[in-house]
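These are my notebook entries on a structure I went through by element and by residue.

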Amino acid sequence: MLDYLDIFTTILGLLYIWLEYRASIWLWLVGVVMPALDVVLYWRHGLYGDAGMACYYTLAAVYGFLFWRFRRTRKSHEPLPIVYMPREKYLPAALFFFLAWAATYYVLVKWTNSTVPVLDSFTNAMSFVALWALARKYLEQWVLWIVVDVVCCFLYVHKGIPFKAFLYGLYIFIAVAGYFKWRSQAKRVKPKNLNS
């Protein structure tokens, strides 16, 4: 059966990734509307972890907008530039990922009838870290999204959400292109100019 919410949120997702590719602040506006609708879509298909994650995405989009809008570099007061993630952030980000994965898995197994708790919790935990990295315009956020997109594409095919599966399949290619586009811009920016 055709799910119009699947189609509409897929269209919003295409707009979102295009705006992200361009590093446009307006991605955050779409980032509020799309996940709010995704809560309903995912819940109806038994993806409870993704439904919960969509709630987080909605709030994170507000944070991302404010961070991009008001965070400035110390010296020039210019908008936040695209930079490489500082090496000292890798270990805390990895630890947070594993803790979030375990916690989300526990919640899904304990309080839902999820049939895909390992992968559902994995994409949720990885998305937490990826959104944090995106809000700071870290280049590596694209690598995290590629992993999330591959797993989500498989999950949505498995769960019978074909338009979302197509969207996340497309996201993989766009994320690769986005990585190379952002990398060319990140080379011209020195991370030491940023506030910590």
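Leaving aside neighbours within four places in sequence, which residues is leucine 131 in contact with? I looked this up in what is a predicted model, and I find Tyr16, Trp28, Tyr56, Tyr57, Ala60 and Trp145 in contact with leucine 131.

Next I turned to the core. The largest nonpolar core has 51 residues, and those that touch the most other members are Tyr16, Trp28, Tyr42, Leu131, Leu134, Tyr156 and Tyr168.

I checked the geometry of H1 against expectation: at 1.5 Å a residue its 18 residues should span 26 Å, and the end C-alpha atoms are 26 Å apart, which agrees. The buried residues of H1 include Leu5, Leu12, Tyr16, Ile17 and Leu19, but I also list Asp6, Thr9, Thr10 and Glu20 among them. The cover over the buried residues of H1 includes H2, H5, H6 and H7.

I did the same for H7, whose 25 residues should span 36 Å at 1.5 Å a residue; the end C-alpha atoms are 35 Å apart, which agrees. Among the buried residues of H7 I record Lys164, Leu167, Tyr168, Tyr171, Ile172 and Trp182, and what covers the buried residues of this helix includes H1, H2, H3, H5 and H6.

A search for aromatic pairs over the whole structure finds 19. Tyrosine 56 counts as partly exposed because its relative accessibility is 27%, whereas tyrosine 57, at 19%, counts as buried, the cut-off being under 20%. Phenylalanine 97 and phenylalanine 98 form an edge-to-face pair, with 4.9 Å from centre to centre and 65° between the planes; phenylalanine 97 is buried at 8% relative accessibility. I also note a cluster in which ring pairs link Tyr56, Tyr57, Phe96, Phe128 and Trp145.

Where do lysines lie over ring faces? Lysine 137 lies over the face of tryptophan 68, at 4.4 Å from the ring centre, and lysine 181 lies over the face of tyrosine 21, at 5.3 Å from the ring centre.

Lysine 137 came up again when I went through the backbone angles. Most residues other than glycine have a negative phi, yet lysine 137 has a positive phi of about 55°. Lysine 137 lies in the loop between H5 and H6, and I count this residue as buried because its relative accessibility is 10%. Alanine 23 likewise has a positive phi of about 55° although it is not a glycine, and its place is in the loop between H1 and H2.

My last entry concerns tyrosine 106, which is found in helix H4 and is partly exposed, with a relative accessible area of 46%. The C-alpha atoms of tyrosine 106 and serine 121 are separated by 8.8 Å, and the two residues are 15 residues apart along the chain.

Note on methods. Residues numbered from 1 in each chain as written. Predicted model: local features only at pLDDT ≥ 70, side-chain atom pairs only at ≥ 80, totals over all residues. Heavy atoms only, no water. Core = buried A, V, L, I, M, F, W, Y, C linked by side-chain atoms within 4.5 Å. Buried < 20%, exposed > 50% of the residue type's maximum accessible area, 1.4 Å probe, protein only. Contact = heavy atoms within 4.5 Å. Helix = DSSP H or I, 4+ residues; strand = E, 2+ residues; numbered from the N terminus. Expected span 1.5 Å × (residues − 1). Phe/Tyr/Trp six-rings, centres within 6.5 Å; stacked < 30°, edge-to-face > 60°. Lys NZ or Arg CZ within 6 Å of the ring centre and 35° of its normal.
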